[in-house]
Amino acid sequence: MFTSFSDLDPERERWDNFTASHGAPIYMSFDWCRTWWEFYGGRRSLAVFLIFAGQELAGLLPMYVDRFGIGPLATRLARLIGVGDGPTRTFDPPLRTDIASLAVRTVIEILIDQEQCDLVSLGPVTAAQVVTQQDDQIILVSKKAVTIKLPLKNIPVLSRNTRG
């Protein structure tokens with residue numbers, strides 16, 4: 001997990017080549033994510049995940065962690081970079097389908113266990129994206145919402161409706 005864009009600079013070309021080759025929107029490009037972070041990061045914490053299969057980049061989940069509320073009512077929410085400020089856009093993080101399920105599960109575990117997040121939001125995304133569906137786990141994306149069901153320690157997952 002990367003917590004600063006300066007640490008990510010050496011991965012910039014690989015990041016952009018991967019997003020371009022996987023048809024990801026401009027909102028997943030290195031420069032767009034970095035610029036958004038410079039303007040809106042503020043007191044939030046950066047949590048960018050580059051997922052590798054061997055030496056090959058196989059997925060990208062550029063996220064941040066925000067805190068809402070005060071004291072014992074405070075909630076830590078992890079979201080994709082770009083979500084939460086400005087106009088609603090769709091964000092389709094590029095993930096190779098053969099590693100998507102494991103990658104998303106691992107990222108959620110890290111965000112919950114290590115970053116102490118209470119909620120994880122992976123939307124809004126387009127209607128066309130379906131990550132995986134199996135008997136023991138489902139990660140579905142529909143036109144109106146992202147629904148994630150994982151049999152992992154009752155992890156709370158925020159489902160965010162898109163406005164379209």
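Tutor: The chain has four helices and seven strands. The model is predicted, so local features need pLDDT of at least 70 and side-chain atom pairs count only at pLDDT 80 or more, while totals for chains, interfaces and linings use all residues. Residues are numbered from 1 along each chain as its sequence is written, and side-chain values use heavy atoms, with hydrogens and water left out.

Student: What is the mean pLDDT of the chain?
Tutor: pLDDT is the predictor's confidence in each residue, from 0 to 100. The chain has a mean of 77, and 71% of its residues reach 70 or more.

Student: Why are β2 and β3 called paired?
Tutor: Pairing needs at least two bridges found by DSSP between two strands. Strand β2 (residues 56-68) and strand β3 (residues 75-80) have six, in the antiparallel sense. One of the bridges joins R67 to its partner R76 in β3. Six residues lie between the strands of this hairpin, and G69 takes a positive phi near 85° there.

Student: How many bridges join β3 and β4?
Tutor: Two, in the parallel sense. The cut-off is at least two, so the strands pair. β4 covers residues 119-120, and its L119 stands opposite L77.

Student: What order do the strands of the open sheet take?
Tutor: The four strands run β1-β2-β3-β4, with mixed pairing. β1 and β4 each have a single partner strand, so one side of each is left without a neighbour in the sheet. That puts both at the edges. β1 and β2 pair in the antiparallel sense over nine bridges, with I51 opposite G59 in β2.

Student: Which residues of α3 are buried?
Tutor: Buried means under 20% relative accessible area, exposed over 50%, and partly exposed in between (1.4 Å probe, protein chains only). In helix α3 (residues 30-40), F30, C33, W36 and W37 are buried.

Student: How do you know that they line one face of the helix?
Tutor: Look down the axis of α3: its buried residues fall within an arc of 140°, so they line one face. The arc is that of the directions from the helix axis to the C-beta atoms. On the other side, E38 and F39 are exposed. The buried residues of α3 pack against α1 (5-8), α2 (12-21), β1 (45-53) and β2. G42 follows α3, with a positive phi near 45°.

Student: What share of the chain is buried?
Tutor: Buried residues make up 47% of the 164 residues.

Student: Why is the contact of R12 and D31 called a salt bridge?
Tutor: The term needs a side-chain nitrogen of Lys or Arg within 4 Å of a carboxyl oxygen of Asp or Glu. R12 and D31 meet at 2.6 Å, N to O. R12 lies in helix α2 and D31 in helix α3, so the pair ties together parts that are 19 residues apart in sequence. R12 is partly exposed at 33% relative accessible area, and D31 is partly exposed at 28%. R12, D31, R34 and E38 are linked in a network of salt bridges.

Notes: Contact = heavy atoms within 4.5 Å.
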